[in-house]
Amino acid sequence: MLWNLPWLVIALHILVASLAPAAHAAKRVALVIGNSAYANAPKLVNPGRDASALAAAFRRMGFDEVVEKRDLGANALRQALLDFERQATGADIAVVFYAGHGIEVDGQNYLIPSDARLARATSVDVEALPLSTVTSVISGARKLGLVILDACRNNPFRARMSSDTSGRKRS
């Protein structure tokens, strides 16, 4: 999890100030997601706190819109990204912060919704959200599209997924 949250906030202040010095002249939007309460995995302690701290930092930096979401299942996560894409398109700066479980399968990174079961490695394609989806959501930002991941990569689904014989590589 984010061990140096204050340093991240300082770095974000510097980056945002250098790209859009006049708060009133630039549109800046952020989507902050903290997934802590997983239905089929142990609860994570830090994502909710880290998400609250970063959302507050974005508000202090004068972001025009800060959307803060918690414990999103697959449908809610996809909907939040669809809604945010409209805000990000044409914005000068669009930031997505995600804290929660993340895994890599066959070289592809995924965010894990709070309702994921991931009974098999092949379930990842259906139940998880590819990181590439998140990056495409912010691609319409004019100056900066930024994704900040604070993903716990200790895979609590490993035992179930490792019994899968599909041959997919998991980490």
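Reply: Let's go from the overall layout down to single residues, bearing in mind that this is a predicted model.

Me: Fine. How many helices and strands does the chain have, and what pattern do they follow along the sequence?

Reply: Begin with the count, then read the order. Here there are 6 helices and 6 strands. Going along the sequence, the pattern is α-β-α-β-α-β-β-α-β-α-β-α.

Me: And what share of the residues is buried?

Reply: For that, look at relative accessible area; under 20% is called buried. In this chain, 46% of the 171 residues are buried. The accessible surface comes to about 8200 Å², with 54% of it belonging to carbon and sulfur atoms.

Me: How much of the contact set with a separation of 6 or more comes from residues 24 or more positions apart?

Reply: Sequence separation is the thing to look at. Residues 24 or more positions apart account for 73% of those contacts. Ala76 is in helix α3 and is partly exposed, at a relative accessible area of 35%.

Me: Let's stay with α3, then. Which of its residues are buried?

Reply: Helix α3 covers residues 74–88, and its 15 residues reach 21 Å from first C-alpha to last, close to the 21 Å expected. Its buried residues are Ala74, Leu77, Ala80, Leu81, Phe84 and Ala88. They are on the same side of α3, because the arc they cover around the axis is only 125 degrees. Asn75 and Arg86, on the other side of α3, are exposed.

Me: What do the buried residues of α3 pack against?

Reply: Look for contacts with other elements. The buried residues of α3 pack against strands β1 (28–34), β2 (65–70), β3 (93–105) and β5 (129–130), along with helices α4 (124–127) and α5 (131–137).

Me: Phe58 makes me think of rings. How many aromatic pairs does the structure have?

Reply: For ring pairs, read the distance between centres and the angle between planes. Searching the whole structure gives 1 aromatic pair. Phe58 and Phe63 make it up, tilted at 50 degrees between the planes and 4.8 Å centre to centre. Phe58 and Phe63 are both buried.

Me: Which residues have a positive phi although they are not glycines?

Reply: Asp106, at about 55 degrees, is one of them, and Leu118, at about 45 degrees, is another. Asp106 is in the loop between β3 and β4 (108–111), while Leu118 is in the loop between β4 and α4. Asp106 is partly exposed, with a relative accessible area of 43%, whereas Leu118 is buried at 0%.

Me: Last topic: how many salt bridges does the structure hold?

Reply: Count them, then see which ones share partners. The structure holds 4 salt bridges. Among them, Arg142 pairs with Asp92, the closest N and O atoms being 2.5 Å apart. That pair links distant parts of the chain, 50 residues apart: Arg142 is in the loop between α5 and β6 (144–152), and Asp92 is in the loop between α3 and β3. Arg142 is exposed at 60%, but Asp92 is buried at 4%.

Me: Which residues are joined into one network by shared partners?

Reply: Arg59, Glu68 and Arg70 are joined that way. Glu68 meets Arg59 at 3.3 Å, N to O, and Arg70 at 3.0 Å between the closest N and O atoms. As for accessibility, Glu68 is partly exposed at 29%, Arg59 is partly exposed at 43%, and Arg70 is partly exposed at 32%.

Notes. Residues numbered from 1 in each chain as written. Predicted model: local features only at pLDDT ≥ 70, side-chain atom pairs only at ≥ 80, totals over all residues. Heavy atoms only, no water. Phe/Tyr/Trp six-rings, centres within 6.5 Å; stacked < 30°, edge-to-face > 60°. Buried < 20%, exposed > 50% of the residue type's maximum accessible area, 1.4 Å probe, protein only. Helix = DSSP H or I, 4+ residues; strand = E, 2+ residues; numbered from the N terminus. Expected span 1.5 Å × (residues − 1). Arc of directions from axis to C-beta. Contact = heavy atoms within 4.5 Å. Areas by Shrake-Rupley, 256 points an atom, 1.4 Å probe, with all protein chains shown as cover. Salt bridge = Lys/Arg side-chain N within 4 Å of Asp/Glu carboxyl O.
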